[in-house]
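Please keep the sequence and the model in view while reading.

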Amino acid sequence: MPHPADLDLRPPGPLGSEGIRLERLGPARFRATLAAARGFPAVPNALQLRVRGAADTPLEIEAVFEHPEPRGQLDEYFHSATPNFATFLPLPWLEPINARRNRLLIPATGWDEFHLGMQFTYPAEALDAHIARWERHPHVRINLLGSSIEGRPIRRITITDTDSPVPLGARWHHYLANQHPGEGNARWRIAGMIDWLLSDEPAAVDLRRRAIVTAVPLLCPDGPANGWRRVNADGIDMNRCFRLEGPDEREQTREAFLFQTELETLHHGPTPVDTLWCMHTWPGIVEPIMDGLGPEFGRQVGDFEALAAAFREHGSPERIKPLRNREQPGMPTTWNGGPRRRYGITTALIEGGGDPAVLDEHRLAGAELMRIIAAFWRGTRAGSPPS
Ligand SMILES: [Zn+2]
């Protein structure tokens, strides 16, 4: 071996895995024993680390989770290597999924230093880079929802054409959010939605004139640095923390309280949220599920069948599955089921998209979703034709 690989884990880095234990098994072979997620002893943190000194050396990393009956699979999703959170090398597991022990082989990448993470990772630093680009657009406003338990900013992106003659209160308000910090592919989907919305495509220009789109692409910015797939620093599942009775600082974990306060404030204000899109992943292609249809259905916009038709027209069958509608909204503690019940608005759970494909597929799926929203929620919420 020209240079022994040097695995480096120096928090606070963009990616980490709380409690991980590393052992060297050979010149370029390592074992990484994963610790349990806060609050969930049977669920491992994601295998995430920073690798240095392996530019010319293929590396093998064995990941182990020692819980006798794991409930979260360490190898459920592909992992990837990236030097910069823009270029990614997907890394499939060498063994079949078994939740206990699996191996990744990282070929010599030529990268002196790179990050290894679950899915196409998208930490707070990647969001910062995207925001620096988005905020040059005159229709973008960036502000803070607040800060996370570990003190990281929770950024909110608001997009609308402030020069449009449509009054703000007459504009549709679509809200996009990602709750689970391990689901990077879902954040790349949101990035694709925003990139399309800020493009010069006529449908995007028109949507900015008659709608407000707000996005919180990373509700739990502490997650990626700690390898938390679903939880925050309090060990709370970030999609089991909506409070049906209303936001309460003493009853809710901080990020949930901040986000619910935001929804609540908007609900009672001049620009209430009409549609809430909760971005998640599971294996397979993107799987859209409507949790509930708001009062605009069958009035200012068509019915569910018309929305399903818009998905067929503007979505690709190889990227997005046919739209489903739920008889009953999801659990009241989820951000799809809870807001549906409390505010009566349209909520959607966008699942799937957890497979590798290539990075652009996830961005393109996002672009298609935004096109569907533009096509279906036509005109304005006030019912007037777009001007
Ligand atoms: Zn999720």
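## An open strand and its sheet

None of the six residues of S2 is buried, the number being zero, so S2 lies largely in the open. A residue counts as buried if 20 or more other C-beta atoms lie within 10 Å of its own, as exposed if 12 or fewer do, and as partly exposed in between, with C-beta atoms placed from the backbone. Helices (H or I, at least four residues) and strands (E, at least two) are DSSP runs, numbered from the N terminus. The model is a predicted one, in which local features need pLDDT of at least 70 and side-chain atom pairs count only at pLDDT 80 or more, while totals for chains, interfaces and linings use all residues. Residues are numbered from 1 along each chain as its sequence is written.

S2 belongs to an open sheet of four strands in the order S2-S3-S7-S10, with mixed pairing. Its edge strands, each pairing on one side only, are S2 (21-26) and S10 (101-106), and the twist averages 20 degrees from one strand to the next. Two strands are said to pair if DSSP finds at least two bridges between them. As a general point, strands of a sheet pair through backbone hydrogen bonds, either parallel or antiparallel. S2 and S3 (residues 29-33) pair in the antiparallel sense over five bridges, and they form a hairpin with two residues between them.

| Residue | Stands opposite | Strand of the opposite residue |
|---|---|---|
| Glu-23 | Arg-31 | S3 |
| Gly-26 | Arg-29 | S3 |
| Trp-277 | Ala-348 | S19 |

## The sheet of eight strands

Another open sheet, also of mixed pairing, has eight strands in the order S12-S13-S15-S14-S16-S19-S17-S18. Here S12 (140-147) and S18 (324-325) are the edge strands, each pairing on one side only. Within this sheet, S16 (residues 275-279) and S19 (residues 346-351) run parallel and are joined by five bridges.

Helix H2 (residues 184-197) packs on the sheet and touches S13 (153-159), S14 (172-178), S15 (211-216) and S16, while its direction makes about 150 degrees with that of S14. Such axes are lines fitted to C-alpha atoms, for helices over the stretch in contact, and the angles run from 0 to 180 degrees between N-to-C directions. H2 is mostly covered, since 13 of its 14 residues are buried. The end C-alpha atoms of H2 are 20 Å apart, which agrees with the 20 Å that its 14 residues should span at 1.5 Å a residue, the expected span being 1.5 Å times one less than the number of residues.

## A loop residue

Pro-270 lies in the loop between helix H5 (254-267) and S16. Why is Pro-270 called exposed? Pro-270 is exposed because it has 9 other C-beta atoms within 10 Å. Leaving aside neighbours within four places in sequence, Pro-270 is in contact (C-beta atoms, placed from the backbone, within 7 Å) with Leu-168 and Gly-169.

## The whole chain

The protein chain has eight helices and 19 strands. Its radius of gyration, taken over C-alpha atoms, is 21 Å, close to the 21 Å that the globule rule (2.2 Å times the number of residues to the power 0.38) gives for 387 residues, so the chain is as compact as a globular protein of that length. Buried residues make up 48% of the 387 residues.

Methods. Two residues are in contact if their C-beta atoms, placed from the backbone, lie within 7 Å.
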